[in-house]
Amino acid sequence: MSDLNVVRLITKKRDGGLLAPDEIAALIAAYTAGDVPDYQMSAFLMAAFLRGLSDDETVALTRAMLHSGTVLDLSDIEGVKVDKHSTGGVGDKVSLVLAPMVAACGVPVPMISGRGLGHTGGTLDKLEAIPGFDVGLSIERYREVLAEVGTVLIGQTGEIAPADKALYALRDVTGTVESIPLIAASILSKKLAEGIDALVLDVKVGRGAFMKDETRARKLAETLVRVGIGFGTPTVALLTNMDTPLGRAIGNGPETAEAIRLLKEETPAGGPCDDVVEVTLALAGEMLHLGRATESPEAGRRLASAALRDGWSFGILQEIVAAQGGDVAALDDPDALMGEPVATVTADTSGFVADIDPLALGYAAVDLGAGRARKEDDVDPKAGFVLHKTLGERVEAGDVLAQIYASDPSRADTEAVRAAFTLGAAPPTPRPLLLDRFDGTRWERGMGNAD
């Protein structure tokens with residue numbers, strides 16, 4: 001499309017108009033080439049956020065972002081390549097456990113991940129808490145590691161969906177993260193470009209998620225699955241609860257340490273993390289089923305559970321770290337990734353943990369240095385929290401609720417962390433962690449637990 005008038009496209013979308021596929025393609029191509037400045041693309045993102053995008057516009061945006069760079073062909077690597085993507089939540093370190101677990105069961109996992117967005121951490125930031133771990137592998141090395149190890153975890157390169165890489169950072173600092181069409185286009189352009197054969201999605205809903213209510217979360221899941229299937233990629237979504245933090249660690253080093261402990265079948269610093277294991281096994285079951293390793297997701301969960309229990313998964317993690325330049329010795333003492341606590345948060349009264357506000361802790365982690373207020377900000381790999389009390393547990397006055405970790409102790413705000421805890425006279429009524437499943441045709445409830 002010649003003579004691109006960016007202002008006209010912005011005002012057209014601002015006023016509720018529909019953009020043609022060639023208009024969207026031209027805009028994304030020009031932005032990727034550096035011909036559209038960030039301030040104009042920010043205006044377009046806000047217009048799209050406020051006015052929405054139709055299904056046709058979402059597909060066109062996904063296609064334009066997908067083809068802004070190289071679309072990989074991994075057909076020469078044996079097996080059905082399956083990836084997973086989470087829409088993000090506080091304490092969500094599932095990918096670090098899931099990728100080696102599924103690879104240990106024989107299904108290749110090519111995983112291209114992102115940085116933190118808003119109040120949630122990113123898989124890349126967590127991986128980089130391991131000294132030397134290189135998330136910037138070349139495409140050639142990406143293919144080699146996948147073939148050698150069975151999984152590989154990298155960030156977007158200049159070759160893979162470069163438009164999404166630029167827009168991802170811009171959305172984070174312009175208040176446009178929560179748009180369903182923008183989320184769908186971002187996720188799918190990146191995932192479809194990496195050479196996968198199937199995709200499993202963890203769509204989180206609740207206070208700690210970008211989707212706060214179930215209606216919007218379902219809409220996002222349906223959009224993602226249908227667009228994915230429309231591109232010829234079998235796609236399944238699980239709807240999972242993010243009303244409280246997932247696990248006990250929040251922040252890059254703390255979450256990485258927790259994930260390593262889980263893969264080693266050891267108790268993490270704050271205590272057991274059954275919720276992390278439950279979500280991970282459910283997603284692994286879906287991936288192993290789509291990867292044709294098992295006849296059903298339920299059988300996939302059982303196989304994944306065995307891979308965790310018997311140490312196969314941790315062995316794959318060691319191989320991943322070595323292949324991507326990381327310090328394998330760091331896995332021997334994962335708690336060293338976060339150092340010593342700089343502050344301790346204690347309970348003022350006795351009772352039961354009736355609630356933990358994940359959003360409050362997510363923003364407190366950003367303030368501590370675990371996230372970014374501006375897209376150019378660095379993160380502190382040590383910054384974060386470990387919760388020593390979690391939902392439903394008994395607390396006595398003076399008990400440790402959480403410990404704070406950071407390279408800069410002056411940024412520790414014990415009152416903000418204490419305020420995220422609500423104590424009550426009785427434990428709260430448990431809410432299921434795994435809510436629903438969508439496969440493109442229908443929603444299913446009652447997914448059950450892994451053995």
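**Largest pocket.** I started with the lining of the largest pocket, where helix 12 (274–290) and strand 8 (351–356) each supply at least two residues. Helices (H or I, at least four residues) and strands (E, at least two) are DSSP runs, numbered from the N terminus. This is a predicted model, so I note that local features need pLDDT of at least 70 and side-chain atom pairs count only at pLDDT 80 or more, while totals for chains, interfaces and linings use all residues. Residues are numbered from 1 along each chain as its sequence is written, and side-chain values use heavy atoms, with hydrogens and water left out.

I looked up the volume of the largest pocket and got about 650 Å³. Of its 26 lining residues, T244, D275, T390, L391 and R431 are the closest to the centre. A pocket here is an open set of points on a 1 Å grid over the protein atoms alone, where a 1.4 Å probe fits, with protein on both sides within 12 Å along at least five of seven lines; lining residues have an atom within 4 Å of a point. Points are joined across faces, edges and corners, and volume is the space filled by probe spheres set on them.

Helix 12 gives the largest share of this lining, three residues. By class I find eleven nonpolar, six polar and nine charged. Ala, Val, Leu, Ile, Met, Phe, Trp, Tyr, Cys and Pro count as nonpolar, Asp, Glu, Lys and Arg as charged, and the others, Gly among them, as polar.

**Strand 8 again.** I followed strand 8 to its partners. With strand 12 (residues 421–424) strand 8 pairs antiparallel over four bridges, and I356 has F421 as its bridge partner there. With strand 10 (residues 394–395) the pairing is also antiparallel, over two bridges; G351 is bridged to V395. Pairing requires at least two DSSP bridges between the strands.

**Second largest pocket.** I find about 480 Å³ of space in this one. R115, L124, K165, A169 and R372 are the closest to its centre, out of 24 lining residues. Helix 6 (123–127) and helix 8 are the elements that give two or more residues, and helix 8 has the largest share, five. The lining divides into nine nonpolar, seven polar and eight charged.

**Helix 8 against helix 9.** Next I checked helix 8 (residues 162–172) and helix 9 (residues 180–193). In helix 8, D164, Y168 and R171 meet L182, I183, S186, S189 and K190 of helix 9, contact being heavy atoms within 4.5 Å. I sorted the residues of this contact into three nonpolar, two polar and three charged.

Technical notes. Axes fitted to C-alpha atoms, helices over the stretch in contact; angles between N-to-C directions.
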